[in-house]
Amino acid sequence: MLRAEGFTHVHLTHGSQEFGKDAVARRDGEQWVFQSKAGNIGQPQWRALLGQLEELRLSDYAGPEFDPELKRRPVLVTTGRMVGNAPLLAAEYNRRARTRGEPELEIWARDRLLSGLSSNPDAVLRGSIDGALLTTLGAIDRNDISMDDIEIFARRWDSFPAEQLVGLGVVEASLVAERLARANRLDLACHLGLCFVRAAWANDRTEDAALLAADAGGSLFETFARQLWSECDYRLLSKRGMIGFAISASEGFSAWATYSVRCIRLTELLGLLGLRVAGREPELADEIAAYLARFISAQPGTTHPVGDRFAVSLIPAAILLGPRKPAAAKRLLTKTTVWLCDRYERDRFGLSASNLTPRAEIDRVFGDMFEHVHIKKRQASQLAAILLDVAALLRYRKLYGDIWNDLEAVRLSTMVLRCRDDADQYSLTAAGNRWEINPNYPEELCGRKGLTIGHHREAGDDRQLVRLGRPWDLLATSSALRDRHFIGALREFL
């Protein structure tokens, strides 16, 4: 970043001989010196830094690129922010420096770094920038980026060696996610984080390396999901809140489709956030669940998926709501079942498969109203299987039976993607994955726990990530790839 911003004589001095200076550089005839820290800096951290800051500003000891004769510009760099009393202490520190005629301290916090890195991606990716990265950044700037584009771009990380993934890969993902957020696509920034989690497990890396990379992807998702959550307020709970928002985006007729997609994706991402933080921030998980319950009641689009691509969107919200807001979870499952069965009645075309384009989704949802649209009706649905699975996992016996009967009434078959517990489960194109039509779903739930159905026993619940205590990573994989779900991972949250 320093080189991209015109600095010269850049030298990294981090180590036992740094004398408070992690890096030195020159620009505009001045000698810049940098001390770097990770995370937020509050009053305790500031006080612990004072000795290093004195060396940074006043010591003439540094590497060979350091010129003590030049005017000095000391900078404290932090990946977080100055919080609490730290900004006041820093201001007082500089007032004393001015009184003594000493160099004052500049602070480059998180926002300054993100701005510099996002506007100069070659600063940290020098020698590794390629067409895929530049194409993706350009598509974001043109507002011509989709969920599928993000998933395809993220496949590049599957082949990264462990060291490259947790170094270059994390930086690359962070830059793209930040660019998406600046383009008002927080949903896609979250999706990129989910794709990074999937990529962490998609190669034969050591367990420690995969865990480190998965943690980075999860943190990336959480950062932008929290931003998305901060924008969820009472305005989206009005009957026309999301519809008005979609139409105001000058989308014309397509707003009637994107309205449902926006509603469903919001519930999915908030559900994933709630499940991720439930163990360490139970109050936040409960707050998200309460909001989702109100949102689902206010917005019919949450129960109108336009294709099987959005079948997995149902899972995080329903699993989060089940133990906390069971009435809302039942409403979500019931209304979605009604919508699904309506799409398969009489001469309707059904819903498109999870791997088809948005155009195909629109044709199936709206095409039966037009004589010129000729599509063969689909008689199998991934969404149908997910509705039965979630109802069974939540032990909704009566609702499960009602869903089973409604699917039977419209002669709709279920379909489930079977994945072995190996690298294939993290790949969209692996040859070892296979679709199973009409797996073993009984007409009624049996057993005290309501979970002893054949399909669940056959699903291979004892997966590596479940054994490692990482069921959320399998949820992230489902949301990244859109065509699979893992029963054992879902059970861990209930």
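# Notebook: a predicted chain, looked up piece by piece

I began with the surface: the chain exposes about 22300 Å², and carbon and sulfur atoms supply 51% of it. Accessible areas come from the Shrake-Rupley method with a 1.4 Å probe, and for residues only the protein chains shown count as cover. I noted that this is a predicted model, where local features need pLDDT of at least 70, side-chain atom pairs count only at pLDDT 80 or more, and totals for chains, interfaces and linings use all residues. I also noted that residues are numbered from 1 along each chain as its sequence is written, and that side-chain values use heavy atoms, with hydrogens and water left out.

**Entry 1: the whole chain.** I looked up burial next. Of the 494 residues, 54% count as buried (buried is under 20% relative accessible area, exposed is over 50%, partly exposed is in between, with a 1.4 Å probe and protein chains only). The chain has 21 helices and eight strands. These are DSSP runs numbered from the N terminus: helices are H or I with at least four residues, strands are E with at least two. Among contacts with a separation of 6 or more, 72% join residues 24 or more positions apart (contact means heavy atoms within 4.5 Å).

**Entry 2: arginine 57.** I found arginine 57 in helix α1, residues 43–58. Is it buried or exposed? Arginine 57 is buried, at 1% relative accessible area. A polar atom of its side chain lies 2.8 Å from the backbone oxygen of proline 103. A polar contact is a pair of N or O atoms within 3.5 Å; within protein, one must be able to donate a hydrogen and the other to accept it, and residues adjacent in sequence count only if both atoms are side-chain atoms. Not counting residues up to four places away in sequence, arginine 57 touches several residues, including Arg72, Tyr93, Glu102 and Leu105.

**Entry 3: helix α5 and its end.** I listed the buried residues of α5 (131–141): Leu133, Thr136, Leu137, Gly138, Ala139 and Ile140. Asparagine 143 sits in the loop between α5 and α6 (147–154). Its phi is near 60 degrees, a positive value in a residue other than glycine. Asparagine 143 counts as exposed, at 58% relative accessibility.

**Entry 4: arginine 395.** I checked another loop. Arginine 395 lies between α16 (382–393) and α17 (397–409). Its phi is near 65 degrees, again positive in a residue other than glycine. Arginine 395 is partly exposed, at 49%.

**Entry 5: leucine 383.** I went back into helix α16 for leucine 383. Leucine 383 is buried, with a relative accessible area of 1%. Its C-alpha atom is 8.9 Å from that of threonine 337, 46 residues apart along the chain. Leaving aside neighbours within four places, its contacts include Pro305, Asp308 and Leu351.

**Entry 6: a helix pair.** How do α12 and α13 lie to each other? The axes of α12 (282–298) and α13 (314–324) come within 9 Å and cross at roughly 105 degrees. They are therefore roughly perpendicular. Axes are lines fitted to C-alpha atoms, for helices over the stretch in contact, and angles run from 0 to 180 degrees between N-to-C directions. Angles of 65 to 115 degrees count as roughly perpendicular, under 35 as roughly parallel, over 145 as roughly antiparallel, and the rest as oblique.

**Entry 7: a sheet.** I traced three strands in an open sheet, in the order β6-β7-β8, with mixed pairing. β6 (380–381) and β8 (434–437) stand at the edges with a single partner strand each, so one side of each lacks a neighbour in the sheet. Two strands pair if DSSP finds at least two bridges between them. β6 and β7 (413–418) pair in the parallel sense over two bridges. Alanine 380 stands opposite serine 413 in β7.
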